[in-house]
Amino acid sequence: MTLPRITRRTALAGLAGSLSLPAIHSASAQGAPIKVGVLHSLTGTMAISETALRDTVLMMVEKANSAGGIAGRRVEAVVVDPASNWPLFAEKARELLAVHKVDVTFGCWTSVSRKSVLPVFEELNGLLFYPVQYEGEEESRNIFYTGAAPNQQAIPAVEYLMGADGGEAKRIVLLGTDYVYPRTTNRILRGFLNSKGITDADIMEEYTPFGHSDWQGIVSRVKTFASQGKKTAIVSTINGDANVPFYRELGNQGIKAEDIPCVAFSVGEEELAGIDTKPLVGHLAAWNYFMSVDAPANREFISDWHTFIRNPRRVTNDPMEATLVGFKMWAQAVAQAGTTAVDAVRTAVIGQKVAAPCGFTLEMLPNHHLTKPVMIGEIQENGQFNIVWRTPAPVPAENWSRYIPENANRRR
Amino acid sequence: MIARLLAVLLFCALAASARAQTRFEELVPRLGAGFGPAAEAVQALGAQGDPRALPILRALSDGRLLRNAEGRVILDGRDAATGEAIPAEGASRINLNNRLRVVLRGAIGRLALSSPNAAERRAAADAVFRTRSAENVPLLEDALSNESIPEIRALMELALGASRLLVDDVTVQRAGIIVLGGAGTPEARALLLEARAAKPELAPDIDAAVATIDRRLAIRRAFETVFQGLSLGSVLLLAALGLAITFGVMGVINMAHGEMVMIGAYTTFMVQEALRHTAWAGWSLPLSVPAAFIVTALVGVVLERCLIRHLYGRPLETLLLTFGIGMMLQQAVRLIFGAQNREVLSPAWMQGTLLLPGGLPVTANRLWIIVFGLAVLAVTMLAIRFTRFGLEMRAVVQNRRIAATMGIRTGWVDAATFAFGSGLAGLAGVALSQIDNVSPNLGTGYIIDSFMVVVFGGVGSLVGTLVGALTLGLVNKLLEPYAGAVLAKVAVLVGIMLFIQRRPKGLFALKGRAAE
């Protein structure tokens, strides 16, 4: 056994190694990128809506990096494709948290996908920002909901229809796609309408499968329902591309917005991009943001988006804005907490304020939901919305609706 | 004394006209002052009956009316109120909301009732019908006395009836009720029920009129259900026809059939884009028919020659292979065209509602698709029955070896048959582009239905496919009002399962040696 001979060369190398070691170590602590998971369907039925949200997150990541990263660290996006397959959402969420060890995830569109990943995020203590309006009746310490709760979208929209500007509707048709969001929202709306003196005889409720394309029967039944001598309006929670044939049938059967207005909760600029909008002029949508909002933050958002996507004809919409707001709040919280540790960031996110593209400053509430302004827009010929009504100030979210009896007392 | 009185009267008249004058100039700028004031101004302009208001209101309705920073309303580079030329720079379009649109429709209707243009008078009569008011009665009576075209007279009488319902005089109202009762439309029914709620003493008359309307509406509804059933049936027929050839005749379980439909729809989109700015733009849909057939038939030939022919007689492998091809085609289209839906425009003759004799409304696009579906079926049957290709195809199906000994190149017949079936799927894509979304997933929604139709109708029988498609369409639409769209589909599926248990070969089973 021979001891290694200490030569001048090895001594120098050892010295250099011991000197440079702490430097390397601190550089890696600073340089280890923050990992941002993106959990949106890039294939399948929901790809139409969710692809733009993936691009929004990528745009925000690029923007954060060009501004020197978050808290001095580079941001890196990890994109996975759950393929519009609800159980696969849970698997991909687990992959993001356990294999890629992401610090935060932005993702999901349909409520059923969110319900599928919720236990995974709670079990592995992840952090999910969910950017779409939904039915409420949920609260998780691991999820931040940056879309609207029912009191920030559905209820004000129906109130508008019943008011003078909306045409004083006395009979309401609730049309929806057959899954959890429309059914819960319509249950809340039925409770609300009943409380306003509209009886069940004046409410028609129908559901159709995802991707339904034959609307003839339903639209002619709506016409019959409307011939009872009371002003009628349609409240649509139809999701995805089933909206296109629905609106086409409305147009073909001659239902004009002046006679039977239709307000939709899931139709935005992106969905209108595939429709000839001329027959739809005057039909409504309720959101918390429209691309047509005239605000400096919105102009910046649109120009950033067009630069990033390299196509000046692409539109922005409400869930994209909610994604942007969520990302900014998370980035501010990380900067404030000085770490990406989930528990520290979670407490720091609450109370964050962001001057959002909708033209208002939004705040994250302790119930993990936002304050949001409510806007009602009419469809215009160019596929954009003309804002005809908006709340003067942001409305705080009530995720537990007062119109669902068993949850009413859970409100804070 | 009298002279003095006259002078006072004259003065009053002048003052009144002067006031009307200033009112017009005052009212016009209010059109740009927000939805509420604008609605009032529109109403006032319509009530005054000043012909100068008509072009302004029309411009407002078409979105051509502008408003500048000083609050002046501009039409075609001139101040709408004064006619003074002002630059339109910095001016923005005046937006409408639904309340304003309703009022605007009524006001334009009132002003246009006496228009020299017949089409304008017709639109005006309809508008006045929808926005009836008691003040319209003398206006309509006046317009009726000058009207000579019977169709417009009927519309005006209907509008008069609707407005008479609002006059506070029971005999006038009764006259209105009789006119509306005779109209027999859901709109008239709604007006009558509205009047009934307001005036209980008219209830017996109104109930009688509503009962007449309801009888007519019941007939209309029955007709509508049958039409909708036929329409759904024709869509199923189109989607299934290609499969009736590839699966029914050749026995290839072609899971990529839906993607052929989708490629046909995308071809329609491509033809539309290629012709968009040319003189042929209006012909893009008819031209898509041959284009889609050729494109999908070519894709079919390539698939058959390169892949499917190696797996004849191995149904399970064919199923997996075609399923995989379907997914690849979907993703390929998604990569080329993007995940977004593509917009295929409907030509004017495929939009809106047509009135059949007897006042029965049918939507134009559905009617054309029924016609198209039947035409495609007829051509297919003729091709199989009377052409040399059809003869060879039948020969190969019945006995491949004897057909081969007779000098038929069976391999090429297989390729041609598969191409023909794929081409038919492409034609279905052209039709579906008019009623469904042109998206990469278009086909997946129809593949199950297509197999259902072919199996139910009887594998290998085109008549079976026709009867199967129409039966499924009708049953679906008959069940829908009672069970809802989701349960109706489930019920139809259960019904087919039970039926197949009893008759595994479907409605029109092939008999004899050809069945094997």
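Start in chain B with strands S5 (residues 353-356) and S6 (residues 360-363), an antiparallel pair joined by four bridges. Strands pair here if DSSP finds at least two bridges between them. Strands (E, at least two residues) and helices (H or I, at least four) are DSSP runs, numbered from the N terminus. Pick Thr353(B): Thr363(B) in S6(B) stands opposite. Then click Gly358(B), in the hairpin with three residues between the strands; its phi is positive, near 95 degrees.

The model is predicted: local features need pLDDT of at least 70, side-chain atom pairs count only at pLDDT 80 or more, and totals for chains, interfaces and linings use all residues. Residues are numbered from 1 along each chain as its sequence is written, and chains are lettered from A and ligands numbered from 1 in the order in which they are written.

Next, select H11 (residues 318-337) and H12 (residues 342-349) of chain A. Their axes come within 8 Å and cross at roughly 115 degrees. Axes are lines fitted to C-alpha atoms, for helices over the stretch in contact; angles run from 0 to 180 degrees between N-to-C directions. Show Met329(A) and Trp330(A), among the H11(A) residues that meet H12(A), where Ala344(A) and Val345(A) are among the partners. Contact means C-beta atoms, placed from the backbone, within 7 Å.

Now go to the contact between the chains. Chain A gives 45 residues and chain B gives 45 residues. Colour H2 (47-66), S7 (203-208), H7 (216-225), H8 (243-252) and S15 (385-390) of chain A: each supplies at least two residues to the side touching chain B. H7(A) gives the most, with seven residues.

Key. Two residues are in contact if their C-beta atoms, placed from the backbone, lie within 7 Å.
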